[in-house]
Amino acid sequence: METLLQSKNLIQRAFWLVRLRWVAVFGLVAATVFASTFLKVSLPVRKLYIVAGAVVVYNFLLFDLIRYMTWGSRQVSPKAISHIIGFQVAADLVILTAILHFSGGIENPFFLYFVFHMVLTGVMLPRGESYVVATLAMLLFGGMVWLEYKGIVAHYTLTGFVRHSHYQDGLYVLGTLFILASTLYLVTYMTTSISDQLRKQQEEYERANAQLQMKDHLKNEYVLRLTHDIRGHLAAIETCLDASLNHLGEPLSDGHRDLSERAYRRAGKCMAFVDALLKLTRMKLTGRIDMHSFPLKNVVIDSLAAAEERANEKHIQVSYDIADSIDELYGEPVLIGETITNLLFNSVRYTPEGGSIRLVVRDQGDGILVEIADTGIGIPPGEEEKIFEEFHRASNAREVESHGTGLGLSIASQVVQRHGGRIWARNNTDGPGSTFSFYIPRGSGGNTVGANSSPKA
């Protein structure tokens with residue numbers, strides 16, 4: 001029962017039963033009209049319509065009750081919602097019994113609809129309560145059949161459909177009730193058994209997922225400590241190499257200088273990799289970043305200035321279009337600035353000499369859309385999503401530059417997601433190259449983590 005009460009879908013299930021009841025009302029009215037009008041079956045039509053009307057009123061009241069209990073941010077006890085579901089099931093059994101009473105009783109084959117209720121309760125309720133529902137169904141239906149058999153209550157014969165008064169045949173009544181009872185309990189047993197197995201599997205999956213998250217957290221902490229130590233050693237090596245190359249008085253031979261410069265460059269690349277890994281791991285461990293309002297246009301201009309220096313070395317033309325309405329954005333300015341700079345640097349790195357890069361920043365009312373288009377090597381088909389994964393580098397990117405961390409786009413994706421936005425890439429349709437875009441909602445406070453927002457068309 002505790003597993004069921006902790007389910008997040010209890011409220012949706014309660015509303016789902018209400019919606020299902022509207023289908024039942026429509027089916028009752030349609031079946032009554034069809035049987036009485038076209039099949040010429042003798043039915044107490046007025047009484048059946050009264051039952052249908054009572055169900056309509058009951059359903060409206062129940063819907064309003066559930067909506068009132070769950071209105072706004074009101075906290076609702078799962079036990080209270082479970083009671084509502086149990087009440088609905090019991091009331092539905094009473095309603096079905098009343099419908100059968102006014103439409104032939106045990107002579108109406110629709111008494112098999114009790115089986116549907118056993119399937120629903122077997123899925124929605126624990127095993128013990130499901131058997132209680134099955135017993136209640138048999139008591140209601142069996143009691144109604146017995147009262148009709150004894151003549152205590154009136155029996156409405158389905159004249160035109162049934163030629164014999166089966167409700168007065170004791171052997172037929174007992175046999176039918178026995179078959180119905182065995183069917184209801186067997187269906188309850190099978191349904192609850194399957195549901196219990198599914199619940200146990202779900203619990204195992206949840207436990208496994210919790211263990212994986214814990215192990216991932218421990219792994220990130222280990223990587224953070226290890227990477228921090230490695231960075232210290234690399235910094236010492238880089239300092240020694242720099243002093244050997246530039247600050248010591250004794251000149252180096254050409255061979256020694258070449259080896260030292262190569263070692264210095266490799267140490268620099270390794271340092272960049274370690275810094276990126278540290279940044280990504282810290283972001284994943286904390287899950288939160290310090291955010292405040294800042295002028296986005298200034299950050300974009302600084303990123304452009306940094307990228308233009310590298311672009312000029314390859315004679316790449318850099319242009320931009322920044323909307324005049326771009327003003328304050330709620331976020332972490334350093335991380336957003338680094339994201340724009342890294343995307344621009346990537347475009348410079350993978351765009352051939354003489355190419356072009358264009359940065360567009362658009363105001364979309366509730367958010368900011370940044371697009372960086374280039375005439376570079378583009379993205380291999382099928383890798384548009386993979387390039388944002390950790391350590392993944394596009395196949396054509398490895399051909400252009402063999403050394404790379406594979407973390408730049410992953411960090412950019414983490415930054416954008418931490419700001420409640422999303423990032424994507426596509427190849428240009430009107431020429432070579434690709435366009436990287438990200439959207440960040442303006443925000444007004446708080447810290448949205450991992451939310452997905454979509455830009456306006």
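**Briefing: a pocket, a helix pair and a salt bridge**

By class, 26 nonpolar, 6 polar and 2 charged residues make up the lining of the second largest pocket. The model described here is predicted.

- The space in the second largest pocket amounts to about 960 Å³.
- A total of 34 residues line this pocket, and those closest to its centre are Ala24, Leu96, Ile99, Phe110 and Tyr113.
- Four helices each supply at least two residues of the lining, namely α2 (10-37), α3 (45-69), α4 (78-101) and α5 (114-124).
- Helix α2 gives the most to the lining, with 12 residues.

**The packing of α10 and α12**

- Two packed helices are described by the angle between their axes and by the distance between those axes.
- Helix α10 covers residues 333-349 and helix α12 covers residues 408-418; the two pack at an angle of about 145 degrees, and their axes are 10 Å apart.
- The crossing of α10 and α12 is left-handed.
- On the α10 side, the contact is formed by Leu335, Ile336, Thr339, Leu343 and Asn346, while α12 contributes Leu409, Ala412, Val415 and Val416.
- The residues of this contact comprise 7 nonpolar and 2 polar members, with no charged residue.

**Salt bridges**

- The whole structure contains 7 salt bridges.
- Asp64 and Arg67 are separated by about one helical turn, because they stand 3 residues apart in helix α3.
- Helix α3, which holds this pair, is also one of the helices that supply at least two residues of the lining of the second largest pocket.

Definitions and conventions: Residues are numbered from 1 along each chain as its sequence is written. This is a predicted model: local features need pLDDT of at least 70, side-chain atom pairs count only at pLDDT 80 or more; totals for chains, interfaces and linings use all residues. Side-chain values use heavy atoms; hydrogens and water are left out. On a 1 Å grid over the protein atoms alone, a cavity is a set of points where a 1.4 Å probe fits but cannot get out, and a pocket is an open set with protein on both sides within 12 Å along at least five of seven lines; lining residues have an atom within 4 Å of a point. Grid points are joined across faces, edges and corners, and a volume is the space filled by probe spheres set on the points. Ala, Val, Leu, Ile, Met, Phe, Trp, Tyr, Cys and Pro count as nonpolar, Asp, Glu, Lys and Arg as charged, and the others, Gly among them, as polar. Axes are lines fitted to C-alpha atoms, for helices over the stretch in contact, and angles run from 0 to 180 degrees between N-to-C directions. A crossing is left-handed if the near helix is turned anticlockwise from the far one by less than a right angle, and right-handed if clockwise. Contact means heavy atoms within 4.5 Å. A salt bridge is a side-chain nitrogen of Lys or Arg within 4 Å of a carboxyl oxygen of Asp or Glu.
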